[in-house]
Amino acid sequence: MVVAMLTDQQIETYRRDGYLVIPRLIQGEQLAELRDLTDRIVAEARSVTANDDLYDLEPSHSAALPRVRRLKPAIFKRYAFFHALARDPKITAILAQLLGPAIRQHGGKLNMKSAGYGSPVEWHQDWAFYPHTNDDVLAIGVLLDDTDLSNGPMLVTPGTHTGPVWNHHGADGRFAGLIDPDEIRPEIERAMPCIGRAGSMSFHHVRALHGSALNTSDRSRNLLLYEVAASDAWPLMGVKDFDDFESRLLAGGSVTTPRMTAAPVRMPLPPPTRCGSIYETQSIAAKSYFNRAA
C-alpha cells in the first residue's frame, strides 16, 4: 500500500490557512463501497419516522421519499467500514504530520445534502462545540460526490484558526451553535470553498470559521466528517466513558496527562434549547445567513 504524505508546502499551507484539500485520496473500490453503503443506510430510513441515534432527518422526510441530512456518530460503531476508514494508513499518515504521532478520533458524522434541498450549516467554529486542553484538533472531510460551488460546498475562511473564538450563544444566553453573521461579514466575504472530485479530502482546524449553503443544484453533496485530536488533547467537557475514549485511539499509546496550551475558550453552556445535531441547535436562531429550503 502506498502511504500518502504531505509535502512541506502543503503542511505550511495548513499551518497558515487552517485548512487543506487533498485531491482523490479515496478512489476505486473503496470509494464505491463508501457511496453504496451510504445509499443503503439512507434507503433504510424509510422505516424511520423521527430523529434517533443514527438518523437526523430533513423536515420534508417521508417513508415514500426518505430524506436524511445527517448520519450521526453511531455509524462508526454500527458499520465496520466507517470505523476502518479512519484507521487507513494513508489517512493516519497525514494526521501524524499535522497533529503528531499519537491521535484519537473525537467524533464524526456524515452530512448529506441531497439535490435541490440539502440543508445549510450556519457559520461556526467546531471549537465552540468541543473545546479541548489544546487545539491540536481538526476535522477530516471525505467528499462522496464531485463538489463545486453549485452544490453547497463547505466554505472556510483562511487564517481564522489563529484568531478569536466568536460568540456562539443566543440572546437567551444559551448555546446556539452559530455566530451572528453581522459580527463576521468581512470573514464571510473572504471564505474559500473546499471543492474537488469525489474521494478528495479536506482537513480543517478546529478553530477555523466555516459554513455551507443550501444545495440548490441537481446533484447531491455528501460529506463524511471525522473529528480527530492529538491524544494528549482532552475534552474540557470531560470523559464520560474512559474505555470508549481509549477505543478511539487511531495511533499511539494511552495518554493520561493532558497537554495544556493557551487557547481562547467559550464553553457550550448552558446547553442549547434544542439538542441532537447542529441542525437542531441552529434551527431556533433569530438570525441566519444562508437560505433554507421551503
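Tutor: Happy to! A salt bridge here is a side-chain nitrogen of Lys or Arg within 4 Å of a carboxyl oxygen of Asp or Glu. Please keep in mind that this is a predicted model. With that cut-off, a search of the whole structure finds 19 salt bridges.

Let us begin with Arg35, whose salt-bridge partner is Asp145, with 3.8 Å between the closest N and O atoms. These two come from distant parts of the chain, 110 residues apart: Arg35 belongs to helix 2 (residues 28-43), while Asp145 sits in the loop between strand 6 (137-143) and strand 7. Buried means under 20% relative accessible area and exposed means over 50%, with partly exposed in between. Arg35 has a relative accessibility of 35%, so it counts as partly exposed. Asp145 has a relative accessible area of 8% and is therefore buried.

Now turn to helix 7 (residues 242-247), which holds Asp244. The side chain of Asp244 meets that of Lys77 in a salt bridge, at 3.2 Å from N to O. With a relative accessible area of 71%, Lys77 is exposed.

Helix 7 also contributes Glu246, the partner of Arg104 in strand 4 (residues 103-113), so this pair ties together parts that are 142 residues apart in sequence. The closest N and O atoms of Arg104 and Glu246 are 3.2 Å apart. Here both Arg104 and Glu246 are buried.

Beyond these pairs, there is also a network of salt bridges, which links Asp56, Arg69, Arg274 and Glu280.

One last stop takes us back to the loop that carries Asp145, which lies between strand 6 and strand 7. Strand 7 (residues 154-156) runs antiparallel to strand 8, and three bridges join the two. Among the paired residues, Val156 has Met192 of strand 8 as its bridge partner. Both strands belong to an open, antiparallel sheet of four strands in the order 5-10-7-8. Strand 5 (121-124) and strand 8 (192-194) are at the edges with a single partner strand each, so one side of each has no neighbour in the sheet. On average, neighbouring strands of this sheet are turned by 30° against each other, direction ignored.

Methods. Residues numbered from 1 in each chain as written. Predicted model: local features only at pLDDT ≥ 70, side-chain atom pairs only at ≥ 80, totals over all residues. Heavy atoms only, no water. Pairing = 2+ DSSP bridges. Axes fitted to C-alpha atoms, helices over the stretch in contact; angles between N-to-C directions. Buried < 20%, exposed > 50% of the residue type's maximum accessible area, 1.4 Å probe, protein only.
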